[in-house]
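Here are my notes on the pockets, the cavity and the strands beside it. Please read them with the model open.

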Amino acid sequence: MYQPRHASRSSTLALRHLNYHVRHWGPQDSPRPALVLLHGWMDVSASYQFTVDALRQERRIIAPDWRGFGGTSSAQADHYFFPDYLADLDLLLDHCAPGQAVDLVGHSMGGNVAMMYAGVRPDRVRRLVNLEGFGLPATQPAQAPARYAQWIDEIRQLHQGAMALKTYDSADGVARRLMRTNPRLARDKAEWLAQHWARPNARGQWEILGDPAHKITSAQLFRVDEVLAMYGRISAPVLAVEADANSLGQWWGGEYTLDEYHQRLRHVRDCRSAVVRDAGHMLHHDQPGQVAQLIEQFLDAA
């Protein structure tokens, strides 16, 4: 099994009626700005361990488990509202880095949160690294009736148990699931991640640490004009990192392309791009050394 080079510490923060699990690496105090790592959908903060181990410079690192993921309690609701992630992040920074601008790194959903937050609270972000936080295809108002109907139908399915997450007989079963999802993931890393991505229940079955209510499609359409308005208010330099495997094209085909994503990034005042070679969407698992080097070079740039 993978052996971490830098052990993490855990704390629990009472935040917005939730018990928020926060993972910490490095010293409590550092001359460098705090580095805040935001994980993606159906993932956990421990997912960044491989990248943290590849960093060469010591600094204070903070990584929350989003509401309803990992060690953070669920919202006790049957769906999740995306703006809540921004509010959670704002209050987390008030507690962990009051009055300070932080360096943000977000992967996938976490990258989308980071980008939007940097436009809403530009003074709280010094530099931002977006790891494959592409956003979603553009929508039209005419799609709203069908979207609301889909949302209602999925709420019903959730309460009928049709959206329950699969359980596994052992941690090894979880590791094999992670490797099926990401064929590039090495066995030793999969075995280590399985211990953090799931846990055994009272019956001995390993349960994924994710609230199935996260699977409910948002009732609200993805409004590109609103997102671009947030991008336009980002004052921090941004590094947009993507994998060479083009996961965006694999998900959406021609409905939403990398070219369209790159057009959106033009609304960010100071944005540069980088590509991680021999990597897929979980690029911080596939090539943590490349990702760590890009992060450090960008954060330390003049």
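1. Second largest pocket. Its lining has 17 residues, and Glu207, Ile208, Leu209, Gly210 and Asp211 lie nearest its centre. A pocket is an open set of points on a 1 Å grid over the protein atoms alone, with protein on both sides within 12 Å along at least five of seven lines; lining residues have an atom within 4 Å of a point. The volume is about 270 Å³.

2. Basis. This is a predicted model: local features need pLDDT of at least 70, side-chain atom pairs count only at pLDDT 80 or more, and totals for chains, interfaces and linings use all residues. Residues are numbered from 1 along each chain as its sequence is written, and side-chain values use heavy atoms, without hydrogens and water.

3. Largest cavity. A cavity is a set of points where a 1.4 Å probe fits but cannot get out. The largest cavity holds about 30 Å³ of space. Its lining is Leu35, Leu37, Tyr48, Thr51, Val52, Leu55 and Ile295. Strand E3 (35–38) and helix H1 (49–54) each give two or more residues to this lining. Strands are DSSP runs of at least two residues (E), helices of at least four (H or I).

4. Strand E3. Leu35 and Leu37 point one way, Val36 and Leu38 the other, and all are buried (under 20% relative accessible area, 1.4 Å probe, protein chains only).

5. Pairing. E3 runs parallel to E4 (residues 61–64), joined by two bridges. Pairing takes at least two DSSP bridges. Val36 stands opposite Ile62 in E4. With E5 (residues 102–107), E3 pairs in the parallel sense over four bridges; there, Val36 stands opposite Leu104.

Terms used
Grid points are joined across faces, edges and corners, and a volume is the space filled by probe spheres set on the points. Buried means under 20% relative accessible area, exposed over 50%, partly exposed in between (1.4 Å probe, protein chains only).
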